[in-house]
Amino acid sequence: AALNNRGLALRQLGKDDEAEVSFRRALEVRPQFPEALLNLGNILRSRDCTDAVLECFLQASELKPRFTPAHICVGTSYAALGEYQTAIDSYNVAPSIVPEHPQAWFGLADAQKHLGLFEEAVTSYGQAIRTKPDFVEATSNLSDVLASLGRADEAIAALNEAVRFSQIGR
């Protein structure tokens with residue numbers, strides 16, 4: 001755990017190369033360390049190492065099936081590859097573990113939106129917003145989906161909420 005924590009500290013300092021070495025050493029000491037795999041995956045994602053990223057996240061989610069961040073990262077990786085149905089399958093695991101996780105609902109909604117599943121996306125964006133009422137990006141994306149469904153009044157109301165929350169955050 002110490003090497004993983006060292007890697008996290010180095011990453012916060014912007015020392016990604018050293019952080020990567022620390023995460024890799026943590027995995028040498030303990031090959032089945034899901035948190036270190038997740039952190040290594042995040043480093044690799046910043047370097048566009050797509051296959052290695054997905055492998056890290058998949059291993060982390062297999063080693064620790066109730067590790068919500070790993071499932072979200074798997075979903076995000078599949079979405080980045082344009083594999084939205086597989087992303088949906090991954091994102092669906094996370095809310096079953098932690099129903100209040102806004103990023104899980106948001107990722108699910110985005111993948112649904114990309115597949116044209118607008119009604120489902122409305123529901124998922126709504127869940128993201130219920131778990132984090134000031135989630136500007138989810139509220140803005142909800143507006144887009146509502147507009148795609150021809151629900152202009154609701155779309156405008158959602159967009160007004162997004163603008164209101166974005167101004168609060170300044």
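Predicted model: local features only at pLDDT ≥ 70, side-chain atom pairs only at ≥ 80, totals over all residues.
**Notebook: helix pairs and a few residues**

I started with the crossing of H5 and H6, and it is left-handed (the near helix is turned anticlockwise from the far one by less than a right angle; clockwise would be right-handed). Helices here are DSSP runs (H or I, at least four residues), numbered from the N terminus. Residues are numbered from 1 along each chain as its sequence is written, and side-chain values use heavy atoms, with hydrogens and water left out.

**H5 with H6**

Next I looked up the geometry. H5 covers residues 68-80 and H6 covers residues 84-97; they pack at about 165 degrees with axes 8 Å apart. That makes H5 roughly antiparallel to H6 (over 145 degrees; under 35 is roughly parallel, 65 to 115 roughly perpendicular, the rest oblique). The axes are lines fitted to C-alpha atoms, for helices over the stretch in contact, and angles run from 0 to 180 degrees between N-to-C directions.

I then listed who touches whom, contact being heavy atoms within 4.5 Å. From H5 the contact includes Thr-68, His-71, Ile-72 and Val-74, and from H6 it includes Tyr-84, Tyr-91, Ala-94 and Ile-97. Nonpolar here is Ala, Val, Leu, Ile, Met, Phe, Trp, Tyr, Cys and Pro; charged is Asp, Glu, Lys and Arg; the others, Gly among them, are polar.

**Thr-68**

I stayed in H5 for Thr-68. Thr-68 is buried at 4% relative accessible area (buried is under 20%, exposed over 50%, partly exposed in between, with a 1.4 Å probe and protein chains only). Skipping neighbours within four places in sequence, Thr-68 is in contact with Ala-94, Ile-97, Val-98 and His-101.

**H4 with H5**

H4 (residues 50-63) packs on H5 at about 150 degrees, axes 8 Å apart. I have H4 and H5 down as roughly antiparallel to each other, and the crossing as left-handed. On the H4 side I found Val-53, Leu-54, Phe-57, Leu-58, Ala-60 and Ser-61, meeting Ala-70, His-71, Cys-73, Val-74, Ser-77 and Tyr-78 of H5. The tally for H4 with H5 is nine nonpolar, three polar and no charged residues.

**H1 with H2**

H1 (residues 2-12) and H2 (residues 16-29) pack at about 170 degrees, again with axes 8 Å apart. H1 and H2 are roughly antiparallel too. Among the residues that meet are Arg-6 and Arg-11 of H1, and Asp-16, Glu-18 and Arg-25 of H2. I noted seven nonpolar, three polar and five charged residues in the contact of H1 with H2.

**Core and Ala-138**

I checked the largest nonpolar core, which has 47 residues; Tyr-91, Tyr-125, Ala-138 and Leu-142 touch the most other members. A nonpolar core is a set of buried Ala, Val, Leu, Ile, Met, Phe, Trp, Tyr and Cys residues joined through side-chain atoms within 4.5 Å. Beyond four places in sequence, Ala-138 is in contact with Phe-106, Tyr-125, Ala-128 and Ile-129.

I found Ser-124 in H8 (residues 118-131), where it counts as buried at 4% relative accessibility. Its contacts, leaving out neighbours within four places, are Trp-105, Leu-108, Ala-109 and Gln-112. Ser-166 sits in H10 (residues 152-168) and is partly exposed at 31%.

How values were computed
Helix = DSSP H or I, 4+ residues; strand = E, 2+ residues; numbered from the N terminus.
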